[in-house]
Amino acid sequence: MEQLLLLHLSSFNDVSGWCNIVAISVSHYSVFGLKADGTVVTTASGDYQYAVLGWRDIVAIYSSSYTPVFGLKADGTVVTTASGDYQYAVLGWRDIVAISAGYGHVVGLRVDGTVVAVGDNDFGQCDVSGWRDIVSIYAGKTHTVGLKADGTVVATGRNDSGQCNVLGWCDIGSLSEEKRLWVVQGLCRYCGGQLSGLFTKKCKTCGKPQ
Ligand SMILES: [Zn+2]
């Protein structure tokens, strides 16, 4: 019996033989691989396997530990292994550029910087309809976080551990090429001015700590 179980486990996540993989996504029970030709391979079996093997023109795949798997297509639509209302909602999404999946909800970033969400909303984790100018999204287990173009952050959902306390955060995200150069040269990332010292790292011109 133990031997049978071991045999089963060892073949469970067998990715040997996979090739031309450009991205992977891992859930609790399976691995999904996106191939260069836009198709998807998986170690999953049954319905999951059957579903993703039919996918075409995929440019990104997303799964979390708990949710179904999602495929983002080149035309901005989404395919999923989900079923029922959940599937129906996601299949209606358009102009999607990124997806993130939480415990029982999934969020999609649209090309115009707005966000769509579907699934469990017990903690308001899907209340993203008012978000604007979003450039990056992240779905936690029961909360959702968005990075805005201006470097501030918005969050909604469960906050019992303070996971949504991002009010006042600023300058989050990637630095511009010019500012990155300043940082490399040891100059102020805000104005390019000289820093006061190697260890204090405060700008002599604008006074901002680095
Ligand atoms: Zn400065």
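1. Strands S5 and S6 form a hairpin with four residues between them. Gly76 sits in the turn, with a positive phi of about 85 degrees. Strands here are DSSP runs of E, at least two residues long; helices are runs of H or I, at least four residues long; both are numbered from the N terminus.

2. A word on the basis. This is a predicted model: local features need pLDDT of at least 70, side-chain atom pairs count only at pLDDT 80 or more, and totals for chains, interfaces and linings use all residues. Residues are numbered from 1 along each chain as its sequence is written.

3. S5 pairs with S6 (residues 78–80) in the antiparallel sense, over three bridges. Two strands pair if DSSP finds at least two bridges between them. Gly71 has Val79 in S6 as its bridge partner.

4. S5 also has strand S4 as a partner. S4 covers residues 58–62 and S5 covers residues 70–73. Their pairing is antiparallel and runs over four bridges. Tyr62 has its bridge partner in S5, namely Phe70.

5. Now the chain as a whole. The protein chain has four helices and twelve strands. Of its 210 residues, 30% count as buried. Buried means that 20 or more other C-beta atoms lie within 10 Å of the residue's own; exposed means 12 or fewer; partly exposed is in between; C-beta atoms are placed from the backbone.

6. Contacts are worth a look too. Take those between residues at least 6 apart in sequence: 26% join residues at least 24 apart. Two residues are in contact if their C-beta atoms, placed from the backbone, lie within 7 Å.

7. Is Ala51 buried or exposed? Ala51 is buried, because 21 other C-beta atoms lie within 10 Å. Ala51 belongs to helix H2, residues 46–53. Val69 is 18 residues apart from Ala51 along the chain, and their C-alpha atoms are separated by 9.8 Å.

8. Check Asn20. This residue is not a glycine, yet its phi is positive, about 55 degrees. Asn20 lies in the loop between helix H1 (2–12) and strand S1 (21–26). Asn20 counts as exposed because it has 11 C-beta neighbours inside 10 Å.

9. With 14 other C-beta atoms within 10 Å, Asp95 is partly exposed.
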